[in-house]
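Work through the exercises below with the sequence and the model in view. Each task is followed by a stepwise solution.

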Amino acid sequence: MKTSSSPPAGTDRNPFVHELKFSMTDKIKIGVMSVTVFPVRLLLVSFFMLLAWPFAFTASLGRSELVPDPQSWWRRIIDLCLRVIMRAMWFCGGFHWIKVKGERAPPSEVPILTVAPHSSYFDAIPVTMTMCSIVTKLESRSIPVWGSFLKCISSSWPPPALISYIRPVLVFRSDQSSRRKTVEEIKRRAQSGGKWPQIMIFPEGTCTNRSALILFKAGAFIPGLPVQPVVLRYPNKLDTVSWTWRGPGAFKILWLTLCQPHNSVEIEYLPIYHPSVKERENPALFASNVRKLMAEALEVPLTDLSFDDRDIILSHGPLRIHDRTSLLHFNQLLGQLGLKSGSGGDRPQEEARRAAKLQGDRLGLEDFAQFLSLPVTDTLRRVHMLFHQDGDGKIDVRHYVTALSTVKRPHKPLDTLKLAFQLYEDDSGGVTGDDLAAILEIMLGVKEVELFPLFLELEAQHTAKITYDELQRLVEKRPHFSVDCLSFKDHPRGGCIGRLNGCNGHNKDD
């Protein structure tokens, strides 16, 4: 699989990882606050959250899913009470200073607010200050106690972060039809002329560490209506609020944040963005241009990574992906073809069954398009070119299936390895060294894999065939398998050779 000449823009720092480092002074402060201020703050925050419940419950009585709430004096009073309660809750949690810049446009003028970066469940602060609707997971409705709020939950937040009465748009992330219905509901509300509350959408679709803006999802931009960008900043000395896919967990974030003497957040409303004719016709272009505008306001870079890339970025273990560039590029092309990594988990097996029938036959572009049941497009041509090897315009479709399984299941590399063996193995159940090298080059995202260290570990001849069971046992036995037992370009060493000399063959940076 060919690799790009340069990595995707903005990927120097992994946006899905957050590491906290404390000085000794910080540790002492946190220790003191943990036994003095933290219990009091936690008790007060819990009290105000529970205090909000009867107000939210009362306002939800008699509500219709399809009709906006009628304007009445008692609903306005409840709305005001909830805002006051929520502001008191944040104050007790240490957010004494919430700075608001710019002016929020009315719902009749701008039905959608796009908020970024999304980095924490503390991003609920602007939601509670505006009482906007949000897009949230359907599964959250079944949460005990807080589920009875009916619709007062925030996107991807656990029970302790459920904070206010709102009218969310519900989505079941893993269901493609549910996602389409969500977009239709957003469009319906946005085109209501201000009858529904504004919808506050976090277009990144997941939490990051705010080091860059990842790609925006198109849902907020499909209606083609004006949006108001809103940027969030947490100008604190210690970043205890970021809640990413790898880093401190939800409770640790809460504990550390409540142990800070003071927490700050800035909410800036940028000028309304009116889409052009081209942007209304192309939601992806609309989203991209709004993202650029928000990145400039935040003074952070853009990255070509998206929510669907997170598992590739976070790959770890004995068969972790070493160079993610080509696989990320491949995954993005799959998205353009409508074959996103987050959907259709059985697709690798389906493609593998069809590929096995070809018995290693090589496919040209048109045959490849027929294999995928897709038309020939520029995007498909680019995917096909990724797997060119001999310059004859044809590819081994087994390489494509191996790469597809890798990006679909980066957290299950042994499943991909087993699938690849099934495609390559002969009647004896083994694969040749050349075929295994090709498999590992794709799975690890590297070039020029040499198996000599691996054969030494297995005490096998270089010409021998390797079975899946043999390799599986070795991988499970060696936590640093890829750096111990393989040699590849820019990594010209084999730990198994070092093992013969009493060396483990890897260092702490591996």
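**Exercise 1.** How many residues does the largest nonpolar core have, and which have the most contacts inside it?

*Solution.* The model is predicted: local features need pLDDT of at least 70, side-chain atom pairs count only at pLDDT 80 or more, and totals for chains, interfaces and linings use all residues. Residues are numbered from 1 along each chain as its sequence is written, and side-chain values use heavy atoms, with hydrogens and water left out.

Step 1. A nonpolar core is a set of buried Ala, Val, Leu, Ile, Met, Phe, Trp, Tyr and Cys residues joined through side-chain atoms within 4.5 Å. Buried means under 20% relative accessible area, exposed over 50%, and partly exposed in between (1.4 Å probe, protein chains only).

Step 2. The largest such core has 63 residues, and Y400 and L454 have the most contacts inside it. Helix α16 (residues 433–444) gives the largest share of this core, seven residues. Helices (H or I, at least four residues) and strands (E, at least two) are DSSP runs, numbered from the N terminus.

Step 3. List the partners of L454. Contact means heavy atoms within 4.5 Å. Setting aside residues up to four places away in sequence, L454 touches L436, I466, L471, L474, F481, C485 and L486.

Step 4. Check for another core. A second, separate one of 44 residues includes M86, M89, C92 and L113.

**Exercise 2.** Find the buried residues of helix α13 (residues 378–386) and state how they are arranged around the axis.

*Solution.* Step 1. The buried residues in α13 are T379, L380, V383, H384 and L386.

Step 1. They lie on the same side of α13, because the arc they cover around the axis is only 155°. The arc is that of the directions from the helix axis to the C-beta atoms.

Step 2. Among the elements that cover these residues are α10 (325–336), β8 (362–363), α12 (365–372), β9 (395–396) and α14 (397–408).

**Exercise 3.** Where is C259 found, and which residues is C259 in contact with beyond its neighbours within four places in sequence?

*Solution.* Step 1. C259 is in the loop between α6 (250–258) and β7 (264–269). Its relative accessibility is 1%, so C259 counts as buried.

Step 1. Beyond those neighbours, the contacts of C259 are I30, M33, S34, F38 and R41.

Step 2. C259 and I30 are 229 residues apart along the chain, yet 5.7 Å separates their C-alpha atoms.

**Exercise 4.** Examine the backbone at P117, M131 and E299.

*Solution.* Step 1. Most residues other than glycine have a negative phi, and most peptide bonds are trans.

Step 1. The bond joining A116 and P117 is cis, with omega about -5°; P117 is in the loop between β2 (112–116) and α4 (124–130).

Step 2. M131, not a glycine, has a positive phi of about 55° and is placed in the loop between α4 and β3 (133–137). M131 counts as buried because its relative accessibility is 9%.

Step 3. E299, also not a glycine, has a positive phi of about 60°; this residue is in the loop between α8 (283–298) and α9 (310–313). E299 counts as exposed because its relative accessibility is 74%.

**Exercise 5.** How many helices and strands are there, and what percentage of the residues count as buried?

*Solution.* Step 1. The protein has 20 helices and eleven strands.

Step 1. Of its 510 residues, 51% count as buried.
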